[in-house]
Amino acid sequence: MSGPFHSPYTASALASERRTRLRRLRTAGAAVLAAAVVAVGILGLRSGGDDVEPERRPVAVRQAPDDIRETVEKAPESPEGGRSLYLVEKIKTVGRNISSIGTWATEKVFAKGVGDYVQGFTQHGDKSKELYKLDFPAPLCAVTRHVSVAGWTAVAYPGQSPDPDENPTSTAMSLPCDRLAVFDVDTGRKRWDVRLPGDGSATSVNVTMTNGAVLVTWGQGSAAYDMTTGKRLWADTTPSACEDSGFAGGRGLIALQRCGDSGDPEFRVEKVDARTGKSQWTYKVATGVNEVYLISSEPAVIAVMAGGYAVTDLISLDDRGKARASIQPNRDHQVINCSETFNAVVETCSTIVVGKERLYITTDDDIVAYDLGTGRTVFKFDSIPGRRMYPLRMSGGELIAYREAGNLSPAAVVSLDPVSRKETLLLLIGGILDLGAVGDPTEDDIIYEHGRIYFATETLYGPSDKGEVGEETTVAIGYESVALDRR
């Protein structure tokens with residue numbers, strides 16, 4: 001990689017922020033507080049039982065090019081894995097860091113956002129090569145993890161470059177994040193690029209996609225664009241007592257609004273028609289909640305913080321915006337990672353995956369499945385003792401999960417069947433993993449797509465002293481089946 005972007009944040013500031021976030025998570029037991037949200041109509045957690053219809057088995061769904069892809073993975077000819085991608089960066093300036101948001105993959109290409117550009121790479125071990133470099137005038141300020149069937153994704157960025165003669169700490173963060181672009185992950189070509197009807201800071205802008213549309217919010221307003229043409233569908237820039245905090249996309253679209261006093265806010269969750277912007281239902285979150293996270297749009301699931309810095313309840317909503325059930329995670333053993341520094345509070349709960357009827361959460365030695373209609377624990381997928389498993393995404397009706405390596409056992413990607421409770425090995429990563437600083441599922445991007453797993457960082461930390469200048473920093477690492485490499 002070339003041309004590192006120097007973040008406006010110093011190494012010490014980012015490191016301090018990272019330590020603060022980790023301390024908050026640890027203080028919360030790396031999980032959640034036991035306090036319950038007192039809300040009318042929310043059901044308490046009930047344990048036991050497996051009396052609901054199981055998830056459907058993996059089935060490939062016919063989709064349009066501008067639908068959000070729902071890849072159904074198949075077991076490879078051989079699960080034996082080898083490294084397919086290895087990207088590093090040398091940061092030469094002491095105290096400077098690189099914002100590295102955005103990680104995407106298709107069957108052909110891996111793409112990574114690094115500061116003010118996106119690079120696309122082929123994948124096959126030492127033969128990996130750069131296909132393109134898509135430059136922007138300033139660092140990306142918001143991205144979406146969603147990719148369309150045709151391989152398109154969206155990013156937001158400032159339309160003007162930072163002043164090189166000014167202090168980067170004061171200039172880069174003051175730039176308005178006022179542009180939205182959709183590009184092809186396979187080619188690096190922009191399909192369209194527009195100026196937003198409003199703008200926000202790098203910390204307030206949120207971008208997502210749902211079938212046929214791209215949505216963006218910037219705190220004081222929101223807008224939607226046709227994914228294929230870039231034509232604006234609607235915009236809401238009228239001042240209101242409730243500000244848009246973000247959208248969660250995918251199969252559906254829900255919005256989070258923060259209302260009233262910033263010190264004692266009230267929250268609303270709305271289901272929104274992506275083509276018109278009209279609200280289809282509104283769920284008012286109980287008072288006394290500190291923060292709300294949008295986990296899934298369809299089925300609609302939110303997480304709330306009722307005191308402290310940890311999620312206390314996971315709430316499923318029905319198709320009328322009424323609470324179906326409330327799940328209160330185990331405060332000592334379950335990992336609920338929703339807080340993301342400098343990002344909107346949507347689609348960031350990396351250790352939770354939502355299927356059509358179930359919600360999956362990481363625990364110490366297994367993944368627990370909860371029924372979204374009752375809040376009950378349905379069953380568990382057991383891992384190997386001492387090797388935590390993390391749910392990554394759904395593949396049809398099955399769950400894709402990553403299992404950490406042990407002292408004498410390799411890491412693995414597995415497919416978990418909720419119907420038979422059987423585990424299918426998809427990828428076995430043997431030997432010593434060279435993940436470096438990108439292997440923490442609660443801090444970094446981990447995606448599995450078309451038989452490959454990728455680990456990528458969201459922030460590249462620069463050297464803290466001159467003795468570290470020139471050392472390589474890991475950006476991303478990928479692994480694939482040796483059967484793929486032989487094609």
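This is a predicted model: local features need pLDDT of at least 70, side-chain atom pairs count only at pLDDT 80 or more; totals for chains, interfaces and linings use all residues.
**Entry 1: rings**

I started with the aromatic side chains and found Tyr402, Phe455 and Tyr479 linked into a cluster by ring pairs. My count of aromatic pairs came to eight. One of them is Phe110 with Tyr454, a stacked pair with 4.7 Å from centre to centre and 25° between the planes. I can see why that counts as stacked, because the planes have to be under 30 degrees apart. I then looked up where the two partners sit: Phe110 is in strand E4 (residues 110-114) and Tyr454 is in strand E32, so the pair ties together parts 344 residues apart in sequence. Buried or exposed, I wondered about Phe110? Phe110 is buried, at a relative accessible area of 0%. Tyr454 is buried as well, with 0% for its relative accessible area.

**Entry 2: charges over rings**

Next I looked for charged ends above rings. Arg83 has its charged end over the ring of Tyr86, 4.3 Å from the centre of that ring. Arg421 does this with Phe379, its charged end sitting over the ring at 3.9 Å from the centre.

I stayed with Arg421 for a bit. Its phi is positive, about 65°, although Arg421 is not a glycine. I found Arg421 in the loop between strand E29 (411-416) and strand E30 (423-429). Its relative accessibility is 36%, so I put Arg421 down as partly exposed.

Where is His450 found? The loop between strand E31 (445-449) and strand E32 (452-456) holds it. I noted His450 as partly exposed, with a relative accessible area of 27%.

**Entry 3: a cis proline and a serine**

I checked the peptide bonds and wrote down the one from Glu298 to Pro299: this bond is cis, with omega near 0°. Pro299 has its place in the loop between strand E19 (291-297) and strand E20 (300-305). Which side chain has a polar atom 2.6 Å from the backbone oxygen of Pro299? I found that it belongs to Ser296. Ser296 itself lies in strand E19 and is buried, at 11% relative accessibility. Leaving out residues up to four places away in sequence, I listed Ile254, Val301 and Val354 as what Ser296 touches.

**Entry 4: disulfides**

How many disulfides does a search of the whole structure find? I got three. A reminder for me: a disulfide is a covalent bond between the sulfur atoms of two cysteines.

I took Cys141 and Cys177 to begin with, joined at 1.7 Å from S to S. Their link is right-handed, with 60° about the S-S bond. Cys141 is in the loop between strand E6 (130-135) and strand E7 (142-143), while Cys177 is in strand E9 (residues 177-184), 36 residues apart. Both Cys141 and Cys177 are buried.

Then I looked at Cys242 and Cys259, whose sulfur atoms are 2.1 Å apart. The torsion about their S-S bond is about 110°, so I noted this disulfide as right-handed. Cys242 is in strand E15 (residues 242-248) and Cys259 in strand E16 (residues 254-259), so the bond ties together parts 17 residues apart in sequence. Cys242 and Cys259 are buried too.

I finished with Cys338 and Cys349, joined at 2.1 Å from S to S. With 115° about the S-S bond, this link is right-handed. Cys338 and Cys349 lie in the loop between strand E22 (323-327) and strand E23 (352-354), eleven residues apart. Both are buried. Counting the bonded cysteines along the chain, I wrote the pattern as 1-2, 3-4, 5-6.

Note on methods. Residues are numbered from 1 along each chain as its sequence is written. Side-chain values use heavy atoms; hydrogens and water are left out. Helices (H or I, at least four residues) and strands (E, at least two) are DSSP runs, numbered from the N terminus. Buried means under 20% relative accessible area, exposed over 50%, partly exposed in between (1.4 Å probe, protein chains only). Rings of Phe, Tyr and Trp (its six-membered ring) pair if their centres lie within 6.5 Å; planes under 30 degrees apart count as stacked, over 60 as edge-to-face and the rest as tilted. A charge sits over a ring if NZ of Lys or CZ of Arg is within 6 Å of the ring centre and within 35 degrees of the ring normal. A polar contact is a pair of N or O atoms within 3.5 Å; within protein, one must be able to donate a hydrogen and the other to accept it, and residues adjacent in sequence count only if both atoms are side-chain atoms. Contact means heavy atoms within 4.5 Å. A disulfide is a pair of cysteine sulfur atoms within 2.5 Å.
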